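Look at the structure below. The paragraphs that follow walk through its parts in turn.

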Amino acid sequence: MRIFHYWYALWGIVFRELLRFVKQKERFLSALVRPLVWLFVFAAGFRAALGIAIIPPYETYILYEVYITPGLIGMIQLFNGMQSSLSMVYDREMGSMRILLVSPLPRWFLLASKLLAGVFVSILQVYVFLGVAWFYEIQAPLEGYLWLLPALLLTGLMLGALGLLLSSFIKQLENFAGVMNFVIFPMFFMSTALYPLWKLQESSEWLYKLAEYNPFSQAVEFLRFALYGQFNQMAFCYTAVAFVLFFLLAIIGYNPSKGMMQRKGR
Amino acid sequence: MSDIALEVVNLSFAYGKKQVLHDLSFQVKRGQCCILLGPNGAGKSTLFSLITRLYAYRQGEINLAGFNIKKKPLKALGKLGVVFQQTTLDLDLTVQQNLRYHAALQGIGRKKANANIQEQLERLGMYERRAELVRQLNGGHRRRVEIARALLHKPSVLLLDEPTVGLDVPSRESIVQHVHQLVQETDLAVLWATHLLDEVYSTDKLVVIHQGRLQAQGTREDIMCKAGVDNLNDAFFNLTQGKS
């Protein structure tokens, strides 16, 4: 039965990604240490410098650590998306990507499965991070942790699809440093992950506009509201549309007749 | 059921303006081992990328076990097993984990996958090593695992893109012998790209390409006759370097 074929393949791809993740302990550790350093060091240092007014979804004054936690969750998923993209470029250079692409399944399905596998890994990382943050007394309402799950799925898919799209353009592994400089850092710093929009508006109008339309900002806001049991419709729509757009472009990028693979002759 | 397992008809391909394959046509029958001979840069790997649908062609046709690769790509790919020139195993996973991953991609359930893995690994004398990490295997053993993987889903056509490059002589001989034995015992069709003439058996069909053009095809005798010499080395030289 065809449907079983899809199920076996999806499970096979997800399981392989989880196996690789478990075996690469350094990857897990660095994925966890990065946001924790931001939380324990950066946020603690900036607590006094940056006052946060009462803004939704928060109902009272909050500590800066509380404000940046959803931003750091977004950071985990952003880096995970880029890590997956890096591993796609690596797989393509090493050839194992070919094994995936010559499977008798539609390419969109193979890419979607690969994407989903990466998202599951990022969700694991996020909950471990939130567990550590809990002991640091960064605590959201309990139901918020449940509402966060579907939100993480969507934001993870959007950021993973961005990584997938980039991987269809990146020719060699060495070019990945460029992605760090031109994609990850601008996306992260020009967003609401570290400072709210009104703070950005105070300092620069154009920076405010860039941050507002940055898909990463919308993903972070979607996560922020979800963590407090609220639904941010605008952020949801923006993130969903960005996901569909990035994913469609990635499929074109990996299409044998239209995509970059053929033009590059790899 | 047709006797033809792989059919390439008037195939041409270019990377941008650089023409790599020119009007290439040949067939491989069931139970036949076809050696694709050509020097480096002849277009062998490009041809493999077209047969595996990693690239899409605009001129010509490729049919796999009766399915056109453009019109019925999924059915055609389901009939295909491939060993690429580069190792495509995940080094950090075990032999069995690598094979199970491939079985899942081919839509084979766990129980059947385990049975097929055992059958293929035993045939290659690798079953005892199934729990080892691929990283711990030498080049020859990794190749064996890749051949086992390519055969897991019982394909009609097996593509081997220079699988013995970089291997020591005993490993090379063992792989050449194993593949020829498979062809004799089953109705598997094999397309084996190489530039090493000692891998050719007298029963093999030969297809010689140079700079993307078909130079000759047929038995060893046909090739030698066409080149006007009495040994395969000279024939290969005349048909390739001699024409550069």
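In this predicted model, the centres of domain 1 and domain 2 of chain B, taken over C-alpha atoms, lie 25 Å apart. The domain assignment gives domain 1 of chain B two segments, 1-79 and 159-244. Domain 2 of chain B covers 88-154.

How many residues of each domain are in contact? Domain 1 of chain B gives 13 residues, and these touch 9 residues of domain 2 of chain B. The size of an interface is often given as the accessible area lost when the parts come together. For domain 1 and domain 2 of chain B, the buried area is about 900 Å². Carbon and sulfur atoms carry 67% of it. Three residues stand out on the side of domain 1 of chain B. Ile175(B), His178(B) and Leu182(B) supply 42% of the area that this domain buries against domain 2 of chain B, more than any other three residues.

Arg123(B) forms a salt bridge with Glu185(B), and their closest N and O atoms are 3.7 Å apart. Helix α6 of chain B, residues 169-185, gives the largest share of the side of domain 1 that touches domain 2: 7 residues. By class, that side of domain 1 of chain B has 7 nonpolar, 4 polar and 2 charged residues.

Now turn to a sheet in chain B. Strands of a sheet pair through backbone hydrogen bonds, either parallel or antiparallel. Here 4 strands form an open sheet in the order β2-β1-β4-β5 of chain B. The pairing is antiparallel. Which strands sit at the edges? They are β2 (18-29) and β5 of chain B, and each pairs on one side only.

Start with β1(B) and β2(B). They run antiparallel and are joined by 8 bridges. Ile4(B) stands opposite Lys29(B) in β2(B). Leu11(B) has Leu24(B) as its bridge partner in β2(B). The two strands form a hairpin, with 2 residues between them. In that turn, Gly16(B) has a positive phi of about 60°.

Next comes the pairing of β1(B) with β4(B). Strand β1 of chain B spans residues 4-15, and strand β4 of chain B spans residues 59-64. They run antiparallel, with 5 bridges between them. Val8(B) has Ile62(B) as its bridge partner in β4(B). Val9(B) stands opposite Glu61(B) in β4(B). In a regular strand the side chains alternate between the two faces of the sheet.

The sheet goes on from β4(B) to β5(B). Asn63(B) has Asn68(B) as its bridge partner in β5(B). The hairpin of β4(B) and β5(B) has 2 residues between the strands, and Ala65(B) takes a positive phi near 50° there.

Now step out to the boundary between the chains. The contact takes 32 residues from chain A and 30 residues from chain B. Together, chain A and chain B bury about 2,900 Å². Of this area, 61% is on carbon and sulfur atoms. The interface holds 8 residue pairs in polar contact, both residues being at pLDDT 80 or more.

Which elements of chain A give two or more residues to the side that touches chain B? They are α1 (2-23), α3 (64-94), α4 (96-101), α5 (107-135) and α12 (260-264) of chain A. The largest share, 10 residues, comes from α1(A). By class, this side of chain A has 15 nonpolar, 9 polar and 8 charged residues.

Charged pairs come last. Side chains of opposite charge can pair when their charged atoms come close. Across the interface of chain A and chain B there are 2 salt bridges. Over all chains, a search of the whole structure finds 15 salt bridges. Arg16(A) forms a salt bridge with Asp90(B), and the closest N and O atoms are 3.0 Å apart. Why does this pair join two chains? Arg16(A) lies in helix α1 of chain A, and Asp90(B) lies in the loop between β6 (80-83) and α3 (95-105) of chain B, so the pair links the two chains.

Definitions and conventions. Residues are numbered from 1 along each chain as its sequence is written. Chains are lettered from A and ligands numbered from 1 in the order in which they are written. This is a predicted model: local features need pLDDT of at least 70, side-chain atom pairs count only at pLDDT 80 or more; totals for chains, interfaces and linings use all residues. Side-chain values use heavy atoms; hydrogens and water are left out. Contact means heavy atoms within 4.5 Å. Buried area is the accessible area (1.4 Å probe) that two parts lose on being put together, summed over both. A salt bridge is a side-chain nitrogen of Lys or Arg within 4 Å of a carboxyl oxygen of Asp or Glu. A polar contact is a pair of N or O atoms within 3.5 Å; within protein, one must be able to donate a hydrogen and the other to accept it, and residues adjacent in sequence count only if both atoms are side-chain atoms. Ala, Val, Leu, Ile, Met, Phe, Trp, Tyr, Cys and Pro count as nonpolar, Asp, Glu, Lys and Arg as charged, and the others, Gly among them, as polar. Two strands pair if DSSP finds at least two bridges between them. Domain bounds come from an automatic or database domain assignment.
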